[in-house]
Each structure stands twice: as structure tokens, then as C-alpha cells.
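Welcome, and take a moment to look over the model below.

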Amino acid sequence: MDRILIFAGTTEGRRLAVFLDRNGIPAHVCVATEYGEQLLPKGKQIHTHAGRLDQTGMEERMKQEQITLVVDATHPYAVAVSENIRRACANQKTEYVRLERNTSWQEGQEYSDVVFVDSVAEAARFLAGKTGNILAATGSKELAEYTVIPDYQKRVFARVLSTADVAVQCGRLGFEGKNLICMQGPFTEELNTAMLRQVQASWMVTKESGKAGGFEEKLHAAKKAGARLVLVKKPGNHREVGCQDGSDRKTWFCGDEFEVKEMLCKRLGILTSRQVSLVGIGMGSRANQTLEAVEACREAQLIIGASRMLECVDTGGKAVLSAYRAEEIAEYIADHPQYEKIAVVLSGDIGFYSGAKKLTDAIDAVDREKKITVIPVNGISSVVYFCGKLKTSWEDAKLVSLHGRRQNLISAVKRNQKVFALCGETGGVNAVCRKLVEYGLGEVRVSVGTDLSYETERIVSGTAESLADEPFEKLSVLLIENEKADRHVTHGLEDEAFLRARVPMTKCEVRSISLSKLRLTRDAVVWDVGAGTGSVSVEAALQAADGEVYAIEKKEEAVKLLKENKRKFGTDNLTVVQGFAPEALLELPVPSHAFIGGSSGNLKEILEILLARNPGVRIVINAIALETVAEAVECLKTLPVCDTDIVSVSVGKAKEVGSYHMMMGQNPVYIISCTGGDRA
């Protein structure tokens, strides 16, 4: 294994040492001062040397510790030190890696009122001809350059490290009292702003120190405090990229902190423990993100999300991956162990129609060593935000998503006074409104929200009919309110409620018993063979609101009535299939339940197809003719079914005859039920 030496003059260098220590990799670490040694956390695998080294001292250290790989993590402005390290490595034929500080800010990107200079001396010469107080945040080493500024002891406020040696050195140059600020950085934007205002600074001098050096905080603070920034540009770097195959110890490599970590992970076989936060960022605008979400993104080293999501968070110069497919994200995380804290940003609340579950499963699938911990960070859901804007509650709303999934929205609207829906297709809102009109719900109130929380936010309310042709954005939310919602949950619609003409129909009481025997689930897939007017199909569709019902009928008159009853009862999850059984069954989805009201003499063939498609299907047969009963009983004996049951039902219903009520008997019906499966 490589013997590693780190020259850790920066925060990144110290983090690299801790990274290696945490993963059980020993490293020798050189720092220039005792103060630098104090800043370095103690670790079992960290061997520290404090004190400045010249090139000869560096070479001796490499020989003594038999170093094979040197990481130069000194300050970007320590050009002479970096050159000594590189020469020492060349003489010792030791591999050299330059850890460069990542500076994501570009000249003129955010703050055009910046004066660019090549050195602290040039900054001082420029300010010598200007008026106003100056906050010098360039350190103590070059503080003497500011003495060319007239009346510098009063105008220049030096911010330096809080060590005794530095304070003495600054005092000798004439910086003392309120003009000497001894503090350890980096500093927050708020503290920088307060300090600039406290010293009434018109100017702030700083170096292009990158995110780790708190450059962005200084930049924004200067703008807030009304001070102009004098920026000492980063020195040019000798940049070569060499291979790390071990064959040539003169090769060298430059990269930022995470590029260097990636190289070390691959080279040393490091498999880090990682924390992946699935972050719900609310509607999108930063104003409605939770503090937990903001903090998760702030602490992350890598932020992943769809491009629209990434625009909504402060990436702050961090590594970013624009992706939304769960498998792609999981593979990228697995292949980049250098990122120990990762935030995957998702819209809304990750518990509300989110891709979080699919992403968690994808991460589990690639995390063979079980090194990745997934942490949920909930956001503000669109339903909470939208209902708040409408000044209405949402605890009584039925929540559905039409974004890339099939939903029985009509049933939801007919059964619930409030339905909240996510819509994600072009023209989706218009399609919903038109369908509501089609099923006789054109007068229900519909509120539509687009671009929620953005400056372009739009909320429109009206009837479904009035909004059917209104243009809306692709991504929308809807609150549909139906004051006349039918809240009944039991089956047993009255016979008179159906359109029937002369088509046979399963009567109310027999239908109720048959549906009870069918044992439907909300997501059932039901075949109604010989559907007639569709009384069983309609009631099954109402009960299995999240499922699908297929009504198979051969007679054209009955098919017409089926479609009319479908519209009347708003059963959008009912599909009418015209044809003869068993041929008409062959292309239908696999059934979970089947009701056979008419078989035209093909009962056995129909049952065989049902059991072939789903060996565990639940079946209910209605029979009036004794021949049909005999055929059904024979099938129960020979086919692989269990849980068999036969009930004979005779119903008498009262009919008014003058001032009397006479009981009128209906035809007795046999209700035969069974479940596919081995009797054993």
C-alpha cells in the first residue's frame, strides 16, 4: 500500500487527512505551524509534523518515511512552497498530487463592481489613491504591503489569525487596538457584513480563496454593506496531468478535493460509508423550503436532481449531477465513493407521490456492502401549500395523482366532496374537465394551481365546464369540490336506478349476495361474463374504485345499455367488451375476480380460461336453469377449485294492489362460488 504524505495548509488538506484516517488509511501530515497542528483533528492513523520545511527538509522527510505519494494541499497563494514540494518529489521520484481549491465563482458573474489585482502589493498601491476605510482580509504575511497607504494605522483594519506571534508581528507594523481583529475564519456572510459596517469600510481586500475559504460569504457581505471588493486573483498554476499506474514516480496530478479523493478511493480500494438524504424541497422556490431541507443541501458534497429541481436549491459550487432516473442516480452514487454526504432533491414532500421509494429500492440494489444510509427529509407538499392558498382544509380530501399513472378520477369525484389531484401532462387539466362534463359533473367546482410558490404562480377557479378550454401549464394541481358527492359505501342499488329496456338484469337482492360472495378488493380486476344491462358490472366498478371491470356481452342492445349505465353511474373504470365468450376473453388482462351471469352453454370453457389465466381467481356463477346448475356442479368436481359454496335464493317482493301489498315471487337463483386452487 502507498505511504502517503500530505502538506495540509488548508481546510481541504485537513479534511483529506481525516478522510483517510476515517477509512483506516495511515497518512503523514505536515503543517507549517503549531497552530496548524492544533486545527488538525487527532486520529489513530494521522502522524503529524509541525514546522516549516525547505526543499531539502521535504526530501529528507520523504526518505525517512519512505513516502510513495505526496498530496500538496497547501494554500493556493503559497506558490513558492508548492514549487518546493514539486521539486522535492521530482528529485525523490515520488508521485505528486496537487489538491487545488475549487473556485466556482467567475469574474463578473455576480458582482460587477469588483477591482481585480494580481497581488496584495498591487491592491495596496491602488487603495493608496482612494479614500475610505479598508478591511484587509488577506492574512498577516503580506500585511506590510498596506503601509504604503496614507494614514494606514487609522484607515486599514487588519483581520488576521488569533495567535500571539501574529498579533506581535502586526503590532510591530503599527496595527493595534480596534484596527487589529484577531479571529479564526472562515466567517459567515452575516458576520462579514456586521464587521464591514462596524469599521465603516468602503473597501474590502480579499483573495480568491474559493468556497472553503469563505469567498462567497465575503462577496455577498461586501455588496450588502455597500463596500467595494478588491480581489487578489489566484496565481496561475502549473497544470499537468499524469497517470497513476505506479510505473513512473515523476508523474503528477491536479484535482480539487473530491477528484483527489476519487483517485485515492480507486487506488487504495476505499469504500466509504455514505449518507444519502432524499430531500423534499416543496413547491420549488427557496422561500417555502424547510430549514431541514436547506441544511441537508448545505451539508451535502454532491447534489443530485432533475434540472428543474437543481435550479431551486443553492448548489453553492458543489458537485452537481442532473438526473432523475432512480437507477442512474443509484449507480452514480455507488461509483463515486468520494462523496460521503449526498442530497437528492425531489419536489414536494417525499412521502406524497414521490420517486423516493423507487430510489431507495434502487440504492439498496446497488449497495452490496451496505455502506449507504438513506435519510428522508420531508418537504412541504403541494396539497398543503395549495389548500392553504385556497383557505380550505385538506384532511377530508381524497388524494390522487394523474402524473404518469391511471386513476379512476370520476369515481373519486362522485364519492368525495373534495378531491386533490396532481396533473403532469400537456392538456391534462382540460382533459380532466372535459371528462367531468362527459359524466354529468360539469357543475363541480375546480380550482387549478400552476407554478406554485414562484413569481408566475397562477390560481384559477371555476366549474369544470367553464375551465374545459382554459390554457394551463403542463404541471398543475387541482382541487375538485363536489357538494353532491354520494358517500354511500354499500352495494345494492335499486333495480329502477338502471336503464334496462328488455335486457335481462341481475336483481338487487341476488346482486347483493353475489357481490358479497365475490369478495372484491378495491384494486380488483373483474370479468363480468354475460353482463346484460351491467348492473353487476356497475356495482363492481363502484366497489373496486382502484381496479378495472370488463363487461363482456354479445348482444348489441345490451352493449348499448351497458355504455349508457356506465356514463350514468360515472364508472370510468368499466370497459365494455362486445363479443362471445370464451373467445372475447383471450386478450383481456388477468382477472382477480369473475362473475358469470350468462355462459351460452360454454361454462366449462370459460372456467378453464379463468383458471389458466389466474389459478387463484375468485369466481361467482348465477344460474336459473337446472341444466346450468348441473353443469356448474360437475365443473366444481373436476376443475382445480376449492372453497366451494352453493346457495339457493328465492326472493319475494311486495307489490301494491289497491290498498293491499301482495308478495310477488321472483325466479329462484342458484349462487355458486369457488376459488381457484388445489383442494388439499
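## Helix α4 and its surroundings

Helix α4 covers residues 79–92, which makes 14 residues. From its first C-alpha to its last it reaches 20 Å, close to the 20 Å expected at 1.5 Å a residue; the expected span is 1.5 Å times one less than the number of residues. Helices here are DSSP runs of H or I with at least four residues, strands are runs of E with at least two, and both are numbered from the N terminus. Please keep in mind that this is a predicted model, in which local features need pLDDT of at least 70 and side-chain atom pairs count only at pLDDT 80 or more, while totals for chains, interfaces and linings use all residues. Residues are numbered from 1 along each chain as its sequence is written, and side-chain values use heavy atoms, with hydrogens and water left out.

Which residues of α4 are buried? They are Ser82, Glu83, Ile85, Ala88 and Cys89, where buried means under 20% relative accessible area, exposed means over 50%, and partly exposed lies in between (1.4 Å probe, protein chains only). The buried residues of α4 pack against β1 (4–7), α3 (55–64), β4 (69–72) and β5 (95–99). Just after the helix, lysine 93 has a positive phi of about 55 degrees.

## How α3 meets α4

One of those neighbours, α3, packs with α4 at an angle of about 45 degrees, and their axes are 9 Å apart. Axes are lines fitted to C-alpha atoms, for helices over the stretch in contact, and angles run from 0 to 180 degrees between N-to-C directions. The two helices are therefore oblique to each other; angles under 35 degrees count as roughly parallel, over 145 as roughly antiparallel, 65 to 115 as roughly perpendicular, and the rest as oblique. The crossing of α3 and α4 is right-handed, a term used when the near helix is turned clockwise from the far one by less than a right angle, with anticlockwise being left-handed.

On the α3 side, Gln55, Met58, Glu59, Met62 and Lys63 take part. They meet Val81, Asn84, Ile85, Arg87, Ala88, Cys89, Asn91 and Gln92 of α4, with contact meaning heavy atoms within 4.5 Å. By class, the residues of this contact divide into 6 nonpolar, 4 polar and 3 charged. Here Ala, Val, Leu, Ile, Met, Phe, Trp, Tyr, Cys and Pro count as nonpolar, Asp, Glu, Lys and Arg as charged, and the others, Gly among them, as polar.

## Two further helix pairs

Helix α13 (residues 326–335) and helix α14 (residues 356–366) have axes that come within 8 Å and cross at roughly 40 degrees. These helices are therefore oblique to each other, and α13 passes α14 in a right-handed crossing. From α13, Ala326, Glu327, Ile329, Ala330, Glu331, Ile333 and Ala334 meet Lys358, Leu359, Ala362, Ile363 and Val366 in α14. That contact has 9 nonpolar, no polar and 3 charged residues.

Further along, helix α21 (residues 603–613) packs with helix α22 (residues 626–638) at about 35 degrees, their axes being 10 Å apart. The crossing of α21 and α22 is right-handed. Leu603, Lys604 and Leu607 of α21 make the contact with Thr628, Glu631, Ala632 and Cys635 of α22. The residues involved divide into 4 nonpolar, 1 polar and 2 charged.

## Serines to look up

Is serine 673 buried or exposed? Serine 673 is buried, with a relative accessible area of 0%, and is found in strand β31 (residues 669–676). Leaving aside residues up to four places away in sequence, serine 673 touches Lys517, Arg618, Ile619, Val620, Asp643, Thr644 and Asp645.

Serine 119 is in the loop between β6 (114–117) and α5 (120–128). Serine 119 is partly exposed, at a relative accessible area of 26%. Serine 119 and lysine 234 are 115 residues apart in sequence and 8.9 Å apart in space, C-alpha to C-alpha.

## Backbone details in loops

The loop between β20 (445–450) and β21 (458–463) holds aspartate 451, which has a positive phi of about 50 degrees although it is not a glycine. Aspartate 451 is partly exposed, with a relative accessible area of 31%. Serine 453 is found in the loop between β20 and β21; its phi is positive, about 80 degrees, although it is not a glycine. Serine 453 is buried, with a relative accessible area of 17%.

Finally, a cis peptide bond joins alanine 581 and proline 582, with omega about 15 degrees. Proline 582 sits in the loop between β25 (574–578) and β26 (593–596).
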